[in-house]
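Here are a few notes to read alongside the model.

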Amino acid sequence: SEPTLKNLNLTIYKGEKVLIVGPSGSGKSTIGKTIVGLEQMTSGQLIYKGQDVSKKKIRNQLKYNKDVQMIFQDAFSSLNPRKTIYDIIAEPIRNFEKIDANTENKRIHELLDIVGLPKQALEQYPFQFSGGQQQRVCIARTIAMKPDVILMDEPTSALDPISTAKIEDLIFELKKDYTIIIVTHNMQQAARISDDTGFFLNGELIEYNNTKDIFTVPVDKRTEDYITGRFG
């Protein structure tokens, strides 16, 4: 099980790309779940746009649940198997916007282009796609909501190397438009995707720095051991 987070003070600025990394059981997944509201905070504050969104009333006022979205590790289980890809992507648009059918259709085709899926995919169902393609559908559904922040929980760990590389390419392309937080055990994704990296161990933030510096001049010996594969 994940440990309790302690002594955590982390600031992420708009437009930053941050990697939260650490071994299994380090507490990194708890951070992600806390940010999107799947884990309840017992103390401390979660500040967004200057207000504490650990309070449900404030969270609702700021439309936080729309603005901060999560993409899960297991793409297939997060997709409704009874719905076509079109309806899966359209659902958040219909929930949060009032637009006509033609505008909706145009938007969905644009989203499909962004994530690199063919237009014929819209009439198909999740089980007809590979894991990498399913993850692309999840990304399309997420950005359909026009969020400010996208949190990704191990977005490539269930994929083969080729699919992983393609999803990393897509995440890299999304970098300019969103604040992205990636929770992973894979340090190699950091160098390519993130601006800053935080290394977690036993519920504590051991080190947080510019990704290049984390790789080249880690301050903590435990961070260096994790990067070089000597950890544990």
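1. Is Glu104 buried or exposed? Glu104 counts as buried, because its relative accessibility is 9%; buried means under 20% relative accessible area, exposed over 50%, and partly exposed in between (1.4 Å probe, protein chains only). Before going on, note that this is a predicted model, where local features need pLDDT of at least 70, side-chain atom pairs count only at pLDDT 80 or more, and totals for chains, interfaces and linings use all residues. Residues are numbered from 1 along each chain as its sequence is written, and side-chain values use heavy atoms, with hydrogens and water left out.

2. Glu104 has a partner: its side chain meets that of Arg94 in a salt bridge, at 3.0 Å from N to O. (A salt bridge is a side-chain nitrogen of Lys or Arg within 4 Å of a carboxyl oxygen of Asp or Glu.) The two are 10 residues apart, with Glu104 in helix α5 and Arg94 in helix α4, so the pair links distant parts of the chain; helices here are DSSP runs (H or I, at least four residues), numbered from the N terminus. Arg94 counts as partly exposed, at 43% relative accessibility.

3. Now the helices themselves. The axes of α4 (residues 85–96) and α5 (residues 101–115) come within 10 Å and cross at roughly 120 degrees, which means α4 is oblique to α5. Axes are lines fitted to C-alpha atoms, for helices over the stretch in contact, and angles run from 0 to 180 degrees between N-to-C directions. Under 35 degrees is roughly parallel, over 145 roughly antiparallel, 65 to 115 roughly perpendicular, and the rest oblique. Residues making the contact (heavy atoms within 4.5 Å) include Tyr86, Ile89 and Ile93 of α4 and Ile108 and Leu111 of α5.

4. A second salt bridge joins Arg107 and Glu97, at 2.8 Å from N to O. Arg107 sits in α5 and Glu97 in the loop between α4 and α5, 10 residues apart. Arg107 is buried, at 13% relative accessible area, while Glu97 is partly exposed at 24%.

5. Arg141, in helix α6 (residues 131–143), is worth a look. Arg141 is buried yet has no salt bridge, and the nearest side chain of opposite charge, Glu91, is 5.8 Å away. Leaving aside neighbours within four places in sequence, Arg141 is in contact with Ser78, Leu79, Ile88, Ile89 and Pro92.

6. Elsewhere, Lys49, Lys66, Asp67 and Asp148 are linked in a network of salt bridges. The count comes to 10 salt bridges.

Methods. Lys, Arg positive; Asp, Glu negative; His and termini not counted.
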